[in-house]
Amino acid sequence: MKVSILTFSQTGNTLKAGASIAKGLESGGFEVDQLSFLRRNRWKPDNADLIGIGSPVFENRPAEVVTEYLKESRFDFTGKRAFVFITSGGSPAKSLWHLSKAVAGTGASVMGGIQLRGVSSFPTLFGLFPDRPNGSDLEQAKGFGRAVAAGMTSGEPLPAHYQIDPDRGGIFYDKVGPCLNYIKKRTTPLPESDPQKCDLCGNCVYECPTGSITVENKLVKFHNTCVVCYRCWSICPRNAISIKFEDSVDESKHAAKIASKFDIDHN
């Protein structure tokens with residue numbers, strides 16, 4: 001059987017989780033292809049028997065670029081089975097359920113999901129849950145992959161701890177998540193690029209999940225379609241991008257820490 005996994009990963013955490021899930025599936029004899037959400041124009045899930053969707057958590061919700069993509073692309077996965085997974089450095093709240101709901105909207109039958117910790121790269125929370133996902137987390141992800149493979153083969157439901165409970169996280173987060181997203185969009189300034197540091201390599205343009213970055217007159221420009229996912233900030237090789245949250249936050253130092261700590265996917 002063929003498995004197609006689409007994963008949005010800001011710093012590499014969620015891709016690592018997806019890779020471990022893939023290993024578990026492969027141990028069950030499945031053929032797995034994982035693609036970064038940033039390359040979603042290459043995604044060919046039609047021939048897959050099983051769909052996997054992975055996302056980090058932003059403000060108690062899965063990345064909205066992922067859920068909106070699933071809705072706007074009008075996929076018809078009727079008859080296919082699916083699973084979801086998330087990583088979070090703060091409260092995951094009901095993100096696993098929200099992501100599963102978005103996937104179910106394509107017609108797919110969601111078997112279950114798993115949520116893992118990932119070190120926070122948000123500047124004001126930088127370092128929360130350091131070194132996560134760790135070896136134990138990734139082994140859990142691999143075990144989830146094995147369980148999904150077994151469930152696909154036998155037709156049996158996944159174990160209870162992989163079932164997605166719509167009440168997990170509480171009703172409170174249904175209101176808090178959207179409010180925090182709204183506040184972030186209204187109060188967080190667009191990223192800025194320092195022309196003295198920028199060498200116009202184009203990484204930020206290539207890596208932006210919403211196509212919100214352009215190069216005009218040899219200057220990098222950020223547009224209002226930006227969802228402030230910080231991908232550009234975290235992958236800039238010259239630390240030329242800053243997000244001025246407050247004077248006490250040194251984004252360039254944090255970006256350098258991220259670059260040294262994670263194997264950022266540029267492929």
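Colleague: Why is R146 called partly exposed?
Modeller: R146 has a relative accessible area of 37%. Buried means under 20%, exposed over 50%, and partly exposed in between (1.4 Å probe, protein chains only), so R146 at 37% is partly exposed. Please keep in mind that this is a predicted model, where local features need pLDDT of at least 70, side-chain atom pairs count only at pLDDT 80 or more, and totals for chains, interfaces and linings use all residues. Residues are numbered from 1 along each chain as its sequence is written, and side-chain values use heavy atoms, with hydrogens and water left out.

Colleague: What makes the contact between E139 and R146 a salt bridge?
Modeller: The term asks for a side-chain nitrogen of Lys or Arg within 4 Å of a carboxyl oxygen of Asp or Glu. For E139 and R146 the N to O distance is 3.8 Å, so the pair qualifies. E139, with 44% relative accessible area, is partly exposed. By this rule the count comes to five salt bridges.

Colleague: Which other pairs meet the rule?
Modeller: Among them are D137 and R132, at 2.5 Å from N to O. D137 is buried, given its relative accessible area of 4%, while R132 is partly exposed at 24%. Another is R39 with E207, whose closest N and O atoms are 2.9 Å apart. That pair links distant parts of the chain, 168 residues apart: R39 is in the loop between β2 (31-36) and β3 (50-58), and E207 is in helix α6. Both R39 and E207 are buried, and a network of salt bridges links R39, E207 and R231.

Colleague: How do you decide where helices and strands run?
Modeller: They are DSSP runs, numbered from the N terminus: helices are H or I of at least four residues, strands E of at least two.

Colleague: Why are α1 and α4 called oblique?
Modeller: The axes of α1 (residues 13-27) and α4 (residues 135-154) come within 7 Å and cross at roughly 40°. The axes are lines fitted to C-alpha atoms, over the stretch in contact for helices, and angles run from 0 to 180 degrees between N-to-C directions. Under 35 degrees counts as roughly parallel, over 145 as roughly antiparallel, 65 to 115 as roughly perpendicular, and the rest as oblique. The α1 and α4 angle of roughly 40° belongs to the rest, so these helices are oblique to each other.

Colleague: And what makes α2 and α3 roughly parallel?
Modeller: The axes of α2 and α3 (residues 95-104) cross at roughly 15° and come within 9 Å. Roughly 15° falls in the roughly parallel class, hence the label for α2 and α3.

Colleague: Is Y230 buried or exposed?
Modeller: Y230 is buried, because its relative accessible area is 4%. Y230 is found in the loop between β9 (219-222) and α7 (231-235).
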